[in-house]
Amino acid sequence: GEDVKPFTPEKTKEIVMSLQQPAVFCNMVGDWPALRWNVKYLSAVLDGKTIQFRLGLKTADLVPQFETRCSYVEATLEEFLAWSCGQPSLSGPLSCYEHSKYWAYADYKYIARIFEDKPEIFQDIRWSDFGFPGRSGKESTLWIGSEGANTPCHLDSYGCNLVLQVQGRKRWHLFPPDDTSFLYPTRIPYEESSIFSKVNVANPDLKRFPEFRNTTAHVVTLSPGQVLLVPRHWWHYVESIDPITVSINSWIELDADHEARVEEAITRTLVCAIKSAENPSDGDLWLNPTEVEATSHEINLQYLNQAVSAYFKCQKASVAEPACSSSTDAEQRTRTSCKRKRKEVSCEPEGGRLLTHEFNFSTLKAEKLQKIPFGPHLIRVLPQSQEMSSTVAVESDGTDLLHENEGGHFRKLHCTRKELVTSNDCETPAHQMDSDSSLNASQAALSTNDLLDCLVNPHVISLVARLLLKRRV
């Protein structure tokens, strides 16, 4: 019989665009061909094509596993599948990484690129069921990992996020925007549209980051066939907990992204100017591998002016035009906010965070919003007490998702194969200050990164953006 969805596309879009807390959609994708996208199937479709994997060691650590500390290899999905099964006679690029000691992650792969010669496969993903007609795999990204593969805790500057779990399970630790100061935000390593946390949320160093105790974690294990909504500016740390995981996501552009682009342009200008002035011999790998190079000051100012112009163009647009601009303008903004992947020559519109669909919140008047229909088909991800120390199953009436506490035994897997420095926090002072103004022996001199953590703190950048925009009114 016909697969009847619990929500219409219009109702689903209303939920996605209005809900300010994470939730899981169930029974919405049962007829999606993408549900067959396990690694074995994808390996056959790619037919020997290689993709880049990020590798890390399965060792606990008190600092986040930033991408600058990882190893990278090009391998086929067939080689990854053999490696993940622990085949003893394995040869190839993954063979020098012992499966019992390492995890591997093909993260953030643009489906439009890896399947560029098979565009028909884009239609296996049907975001039109969520109220976004025309959105398919072309506007989505693919994530393939082994057990322990993880994404450091961060928030995305742009949009909200829809994540479909296809194979295996992933555990998500989510924190609300109000917890930002407790998560010790940093822009080093620098990546446009990602604000990282200095805290390893699975194994926090509470002596160094005592304010982390004040956070409110929302933890959920996402299973195949479920779709997670990550609202705007929610922090998230994600780890694969099964031998192989596959997930697909798409970022949905929001009206607030126009101001966020101005903030990101200011951040890029400051970070690139200050870090580029440092002595390269210091060895601080401050640029994330997703960024090809540190752009020049002239280019960064151009970027800033384009972002400001786009912001005011949207402000002046008629309320009757929810997109605020033409499709050409939307493509230009996508190019501007594009994450530049290493070894890629150009940055096409589909190469950015794929924020091509906009939504004007003015069309969703609060008084017209119906009560969010939580229940068996839309399940809230609830807060979790950090005092709990064991895995618990919370009794549910069908409206709240079972969530788990990892406590002290949740293992965070880190890559330490490359001993790369990503912070100058423990640097020895360059010179000893004298008597009255000297630092304690146990203290280190303030570093460039310490300065940047203050200068480009999200709250500071937000204030600077508002001041800049006032100058143009």
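Analyst: Cysteine 85 is exposed, with a relative accessible area of 57%; exposed means over 50% relative accessible area, buried under 20%, and partly exposed in between, with a 1.4 Å probe and protein chains only. Cysteine 454 is likewise exposed, at 53%. The structure holds 0 disulfides, a disulfide being a pair of cysteine sulfur atoms within 2.5 Å.

This is a predicted model, in which local features need pLDDT of at least 70 and side-chain atom pairs count only at pLDDT 80 or more, while totals for chains, interfaces and linings use all residues. Residues are numbered from 1 along each chain as its sequence is written, and side-chain values use heavy atoms, with hydrogens and water left out.

The protein chain has 9 helices and 16 strands; these are DSSP runs numbered from the N terminus, helices being H or I with at least four residues and strands E with at least two. Of its 473 residues, 53% count as buried.

Now the helix pair. Helix α5 (residues 257-276) and helix α8 (residues 448-455) have axes that come within 11 Å and cross at roughly 165°. Axes here are lines fitted to C-alpha atoms, for helices over the stretch in contact, and angles run from 0 to 180 degrees between N-to-C directions. The angle makes α5 roughly antiparallel to α8, a label for angles over 145 degrees, with under 35 counting as roughly parallel, 65 to 115 as roughly perpendicular and the rest as oblique. On the α5 side, Leu270, Val271, Ile274 and Lys275 meet Thr448, Asn449, Leu452 and Leu455 of α8; contact means heavy atoms within 4.5 Å. The residues of this contact divide into 5 nonpolar, 2 polar and 1 charged. Nonpolar covers Ala, Val, Leu, Ile, Met, Phe, Trp, Tyr, Cys and Pro, charged covers Asp, Glu, Lys and Arg, and the others, Gly among them, are polar.

Helix α9 (residues 458-471) contains alanine 465, which counts as buried at 0% relative accessibility. Leaving aside residues up to four places away in sequence, alanine 465 touches Val262, Glu263 and Ile266. Alanine 465 and glutamate 263 are 202 residues apart in sequence, yet their C-alpha atoms are 5.7 Å apart in space. For the chain as a whole, among contacts between residues at least 6 apart in sequence, 81% join residues at least 24 apart.
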